Amino acid sequence: MDSTCLEPSLYTVKAVFILDNDGNRLLSKYYDPELYPTMKDQKNFESNVFSKTHKADNEIAFLEGMTIVYKSSIDLFFYVVGSAQENELMLMSVLNCLFDSLSHILRKNVERRCLLDNMEGVFLVVDEIIDGGVILESDPQQVLQKVNYRADDNPLTEQSVAQHLTEKLALTTNVLQSAKEQIKWSILK
Amino acid sequence: MIKKFDKKDEESGSGSNPFQHLEKSAVLQEARIFNETPINPRRCLHILTKIIYLLNQGEHFGTTEATEAFFAMTRLFQSNDQTLRRMCYLTIKEMANISEDVIIVTSSLTKDMTGKEDVYRGPAIRALCRITDTTMLQAIERYMKQAIVDKVPSVSSSALVSSLHMVKMSYDVVKRWVNEAQEAASSDNIMVQYHALGLLYHLRKNDRLAVTKMLNKFTKSGLKSPFAYCMLIRIASKLLDETEGGHDSPLFDFIESCLRNKNEMVVYEAASAIVHMPNCTARELAPAVSVLQLFCSSPKAALRYAAVRTLNKVAMKHPSAVTACNLDLENLITDSNRSIATLAITTLLKTGSESSVDRLMKQISSFVSEISDEFKVVVVQAISALCQKYPRKHSVMMNFLSNMLRDDGGFDYKRAIVDCIISIIEENPESKETGLAHLCEFIEDCEHTVLATKILHLLGKEGPRTPQPSKYIRFIFNRVVLESEAVRAAAVSALAKFGAQNDDLLPSVLVLMQRCMMDSDDEVRDRATFYMNVLQQKQKALNAAYIFNGLSVSIPGLEKSLHQYTLEPSEKPFDMKSVPLATTPITEQKTEIAPVATSKLPEKLGPSRQDIYQEQLAAIPEFQSLGPLFKSSEPVQLTEAETEYVVRCIKHTFARHMVFQFDCTNTLNDQLLQKVMVQMEPSEAYEVVNYIPALSLPYSQPGSCYTLVRLPDDDPTAVSCTFSCTMKYLVKDCDPNTGEPDDDGYDDEYVLEDLEVTVADHIQKVLKPNFGAAWEEVGDENEKEETFALASVRTLDEAVGNIISFLGMQPCERSDKVPENKNSHVLFLAGVFRGGHDVLVRARLALADGVTMQVTVRSSEETVVDVILASVG
């Protein structure tokens, strides 16, 4: 029944997945082996969820007897799935933690290309937030500290362009300096 | 700078997916560079990412190739690149089930988990536990215990969570870590606290005392983690539920105090726990409802959703408690999240007054096409409830439902609507014609066979009794022309009912039947031929028996009996009366719309309870000669709930015997009972034939013993009897922990409550969908009539309820529902008496000071009529 009490358990999260704006799976983890046991079931579920959620950014939905909280950013969709009786706010805290952590390691560039370029970081973040359906950590700061991952310099962002330039500049000054030095020494000889 | 990806990927532009055209074989080929020295961390990292990505996409890896890649990967432990090492752990976890011999990394992981690098330790523990089995677990037990109490939070959390995962596999080993978990629970880190609490609860959940102690400790000490608070609330409410503790218990106080917590998550959890408690009073609900009311105006959609969903549940049981929130709910009607809007409206429909119904329905129909099927079902449920509350509104509802029926939607949604319309039709006779018209229109274009057949059945039942039956014939016959076999067959049956009920339609129905006899499907042809022949006889009794009121036997029972009959060739024709009757009437049950949460589960049609008993009893040699089981009663408790031994009795009625099945449970853990039997002393001429004891009854394992009684042959009217029952047994004391009994025991006995056999035990309920036809079929040959005064009964409802439960017969034609404000009522009851004799009862009730009842009984057997009248008097 709908109204029965929830069995006290740490297994809060049933699934997590990240889809692109065509509904293709970029990452997904299912933690309950009884729920959608085959790949086909999982993909069906994902496409059903995607078709019902991608139009309006409504934050929460209820589909196929599951509570789903979600969030979108540019061309990415993040989903956290829990049972119908689950505390919606718990799921929300997982989703927020996932999003904030990823946003940080991708340097606020939460879009598909950047995510795919840093896929290993994404895998590690998800692994640090949820372990087998149990919420392992919900504080993005802690997650980042544990993952200890930095995205590569991405020439597309302003910030990194600036950084790149200063580095280059420093390098040229260094070269100039050493050249001067060399000339000086050669003259002195 | 090192190039991350191949040139090809770079060229295809920034929008492309670098993983899009990955080939498994190419990736595995690339994985060979794992063996190169020195290790190139960058490239290896990228290849591992590709492998995990492929696994995540559902790519299948063969055991050999997976094992090969896995072994190559183990070399990467030589590198000290942090991210690479972490990706190795991930790969180990992902491949744990597809590669062979994953345990070869055990020593590497053990080294990492006990090493100096804190960053490695937690993830290493989690990876290690993923590949460890029970035998290996012993070897790392020491490390696990240390890790649980480690001062680094990530290490401790990882160890606790991994232990929790392993409880399923090796409970006995993990149980030994309880003290460490206890120590971890007092950690300063909030996640460690939460994980320790979760593990402790899982280890102790079967020990109620330990759980209570744990709760007391944590509720007093106060936790910092909101997650842990939520967990505590759930444990507390479960405990309250199990112990049926009153709401004055400290546990309830704790949950209520959480309503004032700083964290919204905890407040919501507490409110939801209170709302879900059974039998909560309005006063206890009030604080929970008022925090939910606050949440309704939160800027967070998830919180608004959670609040309104919970309020919706409150409204089902206590609509008045939610009335205070009506204003806040009104504001949510236009919420951009349609789920929230739908829930708000359906809640308002439950709490609002009759006058607001029209407005709300208009509002909801403006966006009904935007919401998901799940919520459409919620809307239909709300409408269904509303129709029962405000029957006068049925025309608005019916209009709305018919519009919904025309829209697109899945099966569950359509079924909910059809069920709702059917229940409206049954509740309100005046809505019957519009309802049937809508349903007719629906089946014109319905892709769901189940719904089409259901509606055709309904048309067959209700259509012939409407003022203008002829207009439905067109709709039904269209099905015969257009639909699949199952629907065609159902349509033929429906047609036959029109022909049987309405003489003026008979010729046309016969013409149509003639056509159906040319159908390409066997079943349709068979049905048409059968009905054709029955209809041509023009006999009321035949029509009643074979068209209106179908078979009332249990289908698995019929199958078994026919099989038995074919095995033993005999001269006698097959006797229908030897087949056990169906226990639950198939139609006319209350339409229950599946709750949203379970709509995913498939409905199972298992064998009925009686078929199971039939099997069980047939397995006992003493009962094999008794013939088919006629009826099994509901269990009767013969002891108080909290006594040493709990005994309940099920009465099984056979043609000439009764078997009493005593289900006994021993609740003393220091006793083993042997040779348990229940001795019975009948008050009447019943004769106890045989006792079949339960050989052994260990602590908390239920066992059954039986008593066989012969019914008196000479006096068939002696149907009721009282038995005094005593349980006799041999007690052996035993060790509560091991269950090892002493060698010798002593005889003892335990007096049970008296057991009554009443007339209801001899009658099986049978549903006659068309009572009038059945009444004519039985005829007035054995009719008897008598009048009684029921002085102690005050209302017609009460009288009807009493008669039904006393006679144990099936009310027909919905006559168990007494319309309001009426002074008289007619109750129709149908049943089959032991031995296979049909019994029909018509009771006319009139309300004056008490209730006066005129009972007319018809049956195929005279003695049965006498029995019933004698027992009523």
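Two strands count as paired if DSSP finds at least two bridges between them. Keep that in mind as you click around, and remember that this is a predicted model.

**Stop 1: the sheet in chain A**

Start by selecting the strands of chain A. Five of them form an open sheet, in the order E2-E1-E5-E4-E3, with antiparallel pairing. Strand E2 (25-30) and strand E3 (60-63) of chain A are the edges, each pairing on one side only. From one strand to the next, the twist averages 20°.

Now zoom in on strand E1 (residues 15-20) of chain A. Five bridges join E1(A) to E2(A), and the two run antiparallel. Which residue in E2(A) is the bridge partner of Leu19(A)? Pick Arg25(A) and you have found that partner.

Helix H1(A) lies across E1, E2, E3, strand E4 (66-73) and strand E5 (76-83) of chain A. Compare its direction with E2(A): the helix runs at about 115° to that strand.

**Stop 2**

Is Lys108(A) buried or exposed? Its relative accessibility is 71%, so Lys108(A) counts as exposed.

Hop over to chain B and select Asp101(B). This one is in the loop between helix H5 (82-95) and helix H6 (106-114) of chain B. Asp101(B) is another residue other than glycine with a positive phi, near 55°.

**Stop 3**

Select strand E9 (residues 721-733) of chain B, then bring up its partners one at a time.

- Strand E5 (residues 671-682) of chain B pairs with E9(B) in the antiparallel sense over 10 bridges. Look for Leu672(B), which stands opposite Lys732(B) in E9(B).
- Strand E10 (residues 746-751) of chain B is joined to E9(B) by six bridges, and the two run antiparallel. Here, Val731(B) has Tyr746(B) of E10(B) as its bridge partner.
- Strand E11 (residues 755-757) of chain B is joined to E9(B) by three bridges, again antiparallel. Click Thr722(B) to find its bridge partner in E11(B), Glu756(B).

**Stop 4: strand E8 in chain B**

Now pick strand E8 (residues 703-710) of chain B. Why is E8(B) largely enclosed by the rest of the structure? Six of its eight residues are buried.

Strand E4 (residues 657-666) of chain B and E8(B) pair in the antiparallel sense over eight bridges; look for Val659(B) opposite Leu708(B). Strand E6 (residues 687-692) of chain B also pairs with E8(B), antiparallel and over five bridges. There, Ile692(B) stands opposite Tyr706(B).

**Last stop: cysteines**

Finish with a couple of cysteines in chain B. Cys516(B) is buried, with a relative accessible area of 2%. Cys721(B) is buried too, at 3%. How many disulfides are there over all chains? The count comes to zero, with a disulfide taken as a pair of cysteine sulfur atoms within 2.5 Å.

Conventions: Residues are numbered from 1 along each chain as its sequence is written. Chains are lettered from A and ligands numbered from 1 in the order in which they are written. This is a predicted model: local features need pLDDT of at least 70, side-chain atom pairs count only at pLDDT 80 or more; totals for chains, interfaces and linings use all residues. Side-chain values use heavy atoms; hydrogens and water are left out. Helices (H or I, at least four residues) and strands (E, at least two) are DSSP runs, numbered from the N terminus. Axes are lines fitted to C-alpha atoms, for helices over the stretch in contact, and angles run from 0 to 180 degrees between N-to-C directions. Contact means heavy atoms within 4.5 Å. Buried means under 20% relative accessible area, exposed over 50%, partly exposed in between (1.4 Å probe, protein chains only).
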